[in-house]
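I opened my notebook next to the viewer and went through the helices one at a time. Here is what I looked up, in the order I looked.

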Amino acid sequence: MWTVLYGTVAVAAWLYLRRPAAPLRPAMVWWAVQLGLNLAWTPLFFAAGQYGLAFADICLLLLALTATIIAFGRHRRAAALLLLPYAAWVAYAAALNLDLWLDNA
């Protein structure tokens with residue numbers, strides 16, 4: 001599943017970058033931030049077992065991803081739409097993360 005999702009994340013950025021009139025910096029900063037938060041979640045959740053910190057991270061990830069979708073959508077609708085399955089999956093993972101955190105608190 002993650003291979004497909006990461007593929008759509010990459011294609012969304014590629015589509016956005018191909019749009020000549022699109023402002024590069026804000027959208028791509030949000031895109032990079034959400035990727036960094038995504039990268040941080042796995043070791044927080046699985047390796048460290050820090051479910052509370054992982055939940056905070058994934059909530060920030062959802063905010064950054066929402067900002068990315070909005071920024072991409074202003075200039076390239078297809079790029080924004082490609083991020084929606086990823087956002088749905090992250091929201092589902094956030095719900096599971098919260099449940100596990102509350103069960104182990």
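**Entry 1: starting from Ala93**

My first stop was Ala93, which is buried at a relative accessible area of 16%. For that word I used these cut-offs: buried is under 20% relative accessible area, exposed is over 50%, and partly exposed is in between, with a 1.4 Å probe and protein chains only. Ala93 sits in helix H5. I took helices (H or I, at least four residues) as DSSP runs, numbered from the N terminus. I then looked across to Ala27, 66 residues away along the chain from Ala93, and found 24 Å between the two C-alpha atoms.

A note on the source: this is a predicted model, where local features need pLDDT of at least 70 and side-chain atom pairs count only at pLDDT 80 or more, while totals for chains, interfaces and linings use all residues. Residues are numbered from 1 along each chain as its sequence is written, and side-chain values use heavy atoms, with hydrogens and water left out.

**Entry 2: the rest of H5**

Which residues of H5 are buried? I listed Tyr86, Ala87, Val90, Ala93, Ala94 and Asn97. Looking down the axis of H5, I saw these buried residues fall within an arc of 125 degrees, so they line one face of the helix. The arc is taken from the directions that run from the helix axis to the C-beta atoms. On the other side of H5, I noted Leu102 and Asp103 as exposed. Helices H1 (2–18), H2 and H3 are among what covers the buried residues of H5.

I also checked the length of H5: its 20 residues should span 28 Å at 1.5 Å a residue, and its end C-alpha atoms are 29 Å apart, which agrees. The expected span is 1.5 Å times one less than the number of residues.

**Entry 3: the largest pocket**

Next I went looking for empty space. Rolling a probe the size of a water molecule over the atoms shows where such space is left. The largest pocket has a volume of about 180 Å³. Of the 13 residues that line this pocket, Trp2, Trp41, Ile58, Trp89 and Ala93 are the closest to its centre.

For my own reference, a pocket is an open set of points on a 1 Å grid over the protein atoms alone, where a 1.4 Å probe fits and protein lies on both sides within 12 Å along at least five of seven lines; lining residues have an atom within 4 Å of a point. The volume is the space filled by probe spheres set on the points, which are joined across faces, edges and corners.

Which helix gives the most to the lining of the largest pocket? I found that H5 does, with six residues. Helix H2 (24–47), helix H3 (51–73) and helix H5 (84–103) each supply at least two residues of the lining.

H3 has 23 residues and reaches 32 Å from its first C-alpha to its last, close to the 33 Å expected. Its buried residues include Phe55, Asp57, Ile58, Leu61 and Thr68. They pack against H1, H2, helix H4 (77–82) and H5.

I picked out Thr68 in H3, which is buried at 0% relative accessible area. Leaving aside neighbours within four places in sequence, Thr68 is in contact (heavy atoms within 4.5 Å) with Ala27, Trp30, Trp31, Gln34 and Leu83. Cys59 is also found in H3, but this residue is partly exposed at 30%.

In H1, I found Leu5, Thr8, Val9, Ala12, Ala13, Leu15 and Tyr16 buried. Down the axis of H1, they fall within an arc of 160 degrees, so they line one face of the helix. On the other side of H1, Thr3, Val4 and Arg18 are exposed.

My last stop was Leu82 in helix H4, which counts as partly exposed at 25% relative accessibility. Beyond its neighbours within four places in sequence, Leu82 is in contact with Thr8, Val11, Ala12 and Leu15.
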